[in-house]
Each structure stands twice: as C-alpha cells, then as structure tokens.
Amino acid sequence: MMPLFNTPYPLWSLFLLCVGIVLLASAQQETCSFQTGDTFDEAGCSADVSEQELPLQEGFQEIERQLAATKDALSKLSVLIDRQEEKVKQLREKFDGGVVENQKVESPKATPEKTPEPGQNALQQYGATYGKTVARYREAFYDHFTMLAAMKADADVTCIHTMHNSVDGLSRYVVLGDAMGSLSFFSMKGDLVTEHSTGLASAVTAMTSYFIDRNHTALLTGHADGSLRKHIILDKVTRDYPGASLDPVIEEITYLLQLLPRSGGDDSESSQLDIAPSAITNLQSSRADGKRLVFLTDAEGFVSVMWDNGTVKASEKLDHPVQSLRADRSHVVALHENGLFVLSSLTGHSLRRLECAGLNDSTIQSAAFDQKLPTRAYAATKGGDLLTLLIEKNFMSCKVRHRHPIRLPPGPVNVGALKGYIVLSSNLGVAVYNTTLSSRTGPREAILEPHSNIAAGFGQEVQSVSIPHVQTGGENLLVLSLDGGLVGMFESHLPHYKPAEFNTKLWTQPIFIGAMILVGFWQFMKHRTPPTPPISSYNRQYGRERHDGRY
C-alpha cells in the first residue's frame, strides 16, 4: 500500500476536494437545524432562506424604480436644454444678421478743439442737444380718494348741498336737487334716507341749511324761477344695536313758508320788490344780534339781505352776476366777474366795491373761498387761468397773488375747496391743486383725471359732463355730478400739513411742578410783606435833620 503523502498530485487534490464538500454540507445542516429545530427539514430551510431574501429584493426593486425616474428626468432636462440652445442660436443669428452684420467698427477720429465764440458756450459750439422728460408717473384720482357711494337721481342734478358736518371730516347728509324741483337725501353709506318735493316744478339752483335746535334743521331752497322756500326737517340718529355705527333718520320734512324778495326794515311791513324774478344762484346764512340772516344772489346781479322770516334788510344791484358768496358775523364777501364787493352783515347798507389789482381784464367764471382763511379765494377765469385772490386790510383791498394756467380743456369750470386743496371740475375731467404752500409758490397741481376714469370706478361709462357740479362738505367730503343724474361721493385721503408737535411731557415733570410752586410762594410772600420806606422819607417823618440843613 502506498503512503498517502506519496500519492500523485491529482489524487491528493481530489481528497481535499471531498473533505471540503463534507464540511460544507455539515455546516449547512447545522444552520438549518438551528433555525427549524433538532430535525433537519430541507423544505423549511429553503423557505427560511427565501423569507430572508425577500426584503433585499424589495430594496433592489425600489432602487431600480428611482434610477428609472432619475433617468426620465434627465432625459426631459436634456430636451429643455436643447430647446434653449436652439432659441439662443436663433436669436444670435437674428442679431448678427439684422444689426451688426457686414458692419465695420472704426476707431473714433480725434476732433480738433474749438474755441467757443463770444456769447456762445461750449455745448452750443459743438451742437450738443439737451435731454427732456418723455413721461413720468402721475398719481391717479383713486390713489387718494375712496368712493363712498354712487347715487342717481330721477332727473338731472342741478344743485348739491351737504348738511351737518361731522367730526370725521364728512357730513351727515348729501342733498341732491334736480330739475323737477325734488330733493333726495342720502347718507354717507349711500342709502336713500328720504325724498321730498319742494312743491314747485322749477329746478333747484341753490340750497343752504342751519340748525334750529338739536333735532330740527331749516333748509332753504332757491329755484330757477326766483322762488325761495323754507323747509323744516326733523331728524335723529339711531343705532341698530349697541356698538353699531350711527344711522341718520329723517322723520318728517315740512314746508314752512315761501320767502319772496322783499324790502323794509325790521319793524316795517314787507312788500314786493319791483324787479323781475330770476334764478337764485347763491345762498348763505349767518347769525347776528341773536337772529338769523339770509344772504342771496340771483342771476341778474341783485344781492339781498333778509331775516329768516322773509323781511328784507337791504338789496343792491351789481353790474355783474355773483360767482361765489361767503358770509360771517360781520361781513359778506361776494366775488363777481371783475372783482368783489363787501357788505356789512349787521347794517346791510355799507356796500363797498373793490377792484382786484392784477386781474388784468380777466373774467372770473367760478370761485371758491378757502376753508380756513376767509380772506383767501381761488377763481377760475374764462381764459383758462387759476387765480389766488387775497383780501387785505380789513376787507379794504384785493389783489391777485398768483396766476397759473389750468391744464383743462376750455369750457365751464366749477371750483370747490377741501382742507388744503381745491378741486376744479370741467366737462372732461377733474383737477386737484395743493394750496398748502400757496402763499409762496401758488397752488400746485396734484391730480388730473378724466371723468371716464372716475366713472369707471363704479361701473359707469361717462365721457363728458354738460354741467360739472362739484360740492365739498367738511374737510374731506367731495361730491361730483355726472350726466343723467349720476353723482359720485368720495372721501379724501390727501395728506395735510401738521404743525410740529409740542412736547407736553416737560409740563408734567415733578421737578418743574415743584419749581412753579416755589415761584408762586415767593411771589405771594413778596406782595404780602409791606415795603420798607426809603431813608429820606424816614428822616422827614421823624424830624431828623442832616448837618447841612437838609433832611
């Protein structure tokens, strides 16, 4: 028998291969026995191995899906990049072919220096051009005005009046007078409070109102036929629930009497004036000597001052119709086409006609007084200028302070005054001017807007207005009338000048209060102690004589 180690190489290799197979089989059997028990179960072992491989297979599948999605996204991105490259290529070809193709770039040639001729600067010598503004941003109407409501009357609106100014810069009512002689009362919310007929078929051309007591208001209406009527309004303010906003309610409107142009004093019987009736253009009221005075003007140029019962104190005939009227406790100032006149409110007889210096034959077609300064007015002329008028020296002189062209088309223009601003309404548009710095530079245009843009804000189409009525109430209320009885009501948010705030914290400091108490106590003790008599009077009182014989 041949020794094992002396066997040839193939037999030795075969022997080692068999030993390895046996060891591998025994290890597999032990592993399956540990998992399934003492008995070797080939089927159970195969099942356990397949269960262990299942999570790995699911992970591999998820990775394959993510790789596929990434591949799709990369392919789409590649398509987009190709498209962008194609567009860039087209733009480059278009630019190269249409702008700079076949063009040669030449170096600039040196220009010999030239000496400017006398009276000619260097820019003019070389023919340089100046730049100019092509367009700039302009603030729109609705940037500073909020539409409160849009109303519509049954007929064309011929007069607008605001009643009872409130603390928020608005009014309690807006009254619309139409061509049929009817009145429509609207609240600030745009609600129709009530309607009232004046009893006349003549158009309402002027209105004014004043308080009688807390809940009663007198409303005077002037008409196109020269009639003047007085109505009593009973109204109150209610709340729908606690904490709700106040809602005005008009309970009753009563026609009281018709005020006709009359003459006579306070105690004499009134009689008819021997003048033809004409349309009443302006109405104002004021209080003097505990009584209510009414001031009115008509289209013929008559100015009348009467008590609220119809008794006329005075009536004067002017050469021109009055465009604007302002009355207070002492004076009545009226602007007409070529100047103004001043009438005493108390006597009604001292009429002074004043010529405005600097008017230069301009004709005033509409005017309005400043809300805060009674001696300043703004007027629009028929030539298309805006004038600032100043009344000086206790209503004894008048002059034109500023004159600016109006950028509105020729035609009728009405003027209204807000706090720090004036509003001009024409047939085609509205212009707003800032008057805060008018004492130095004059009114400055802030807004210029056509009626079509304003009407589009509440869904209407309006191109032009035949009679551009404008009315203001309080400090921030603006009412504009358009054709067809359409009226827009707006609240102004234009900025106002505010004075510098005063530091009130200093007056509440304890050290300042203590110092004031000490100063007051010192002043009290100073006046309480009797003054010491001078030496000379003391010697004279007790008879002491100096050595030179004088006291």
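Colleague: Which residue of strand 7 is the bridge partner of Val 204?

Modeller: In this predicted model, Val 204 has His 223 as its bridge partner in strand 7.

Colleague: How do you know that strand 6 and strand 7 are paired, and how many bridges join them?

Modeller: Pairing requires at least two bridges between two strands. Strand 6 is joined to strand 7, residues 216-223, by seven bridges, so the two strands meet the requirement of at least two. They run antiparallel.

Colleague: What is the order of the strands in the open sheet?

Modeller: The open sheet has four strands in the order 6-7-8-9, and their pairing is antiparallel.

Colleague: Where do Cys 356 and Cys 398 lie in the chain?

Modeller: Cys 356 is in strand 20 (residues 356-357) and Cys 398 is in strand 24 (residues 397-405). The two are 42 residues apart, and the pair links distant parts of the chain.

Colleague: Why is the disulfide of Cys 356 and Cys 398 called right-handed?

Modeller: The torsion about its S-S bond is about 80°, so the disulfide is right-handed.

Colleague: Is Cys 356 called buried or exposed, and for what reason?

Modeller: Buried means a relative accessible area under 20%. Cys 356 has a relative accessible area of 9%, and is therefore buried. Cys 398, at 6% relative accessibility, also counts as buried. Cys 159 counts as buried too, with a relative accessibility of 9%.

Colleague: What makes Leu 296 buried?

Modeller: The relative accessible area of Leu 296 is 6%, so this residue is buried by the cut-off of under 20%. Leu 296 has its place in strand 13, residues 291-298.

Colleague: Which residues is Leu 296 in contact with, leaving aside its neighbours within four places in sequence?

Modeller: With those neighbours left aside, the contacts of Leu 296 are Leu 228, Ile 280, Asn 282, Leu 283, Phe 302, Val 303, Ser 304 and Met 306. Asn 282 is 14 residues from Leu 296 in sequence, and the two are 5.5 Å apart in space, C-alpha to C-alpha.

Methods: Residues numbered from 1 in each chain as written. Predicted model: local features only at pLDDT ≥ 70, side-chain atom pairs only at ≥ 80, totals over all residues. Heavy atoms only, no water. Disulfide = S-S within 2.5 Å. Buried < 20%, exposed > 50% of the residue type's maximum accessible area, 1.4 Å probe, protein only. Contact = heavy atoms within 4.5 Å.
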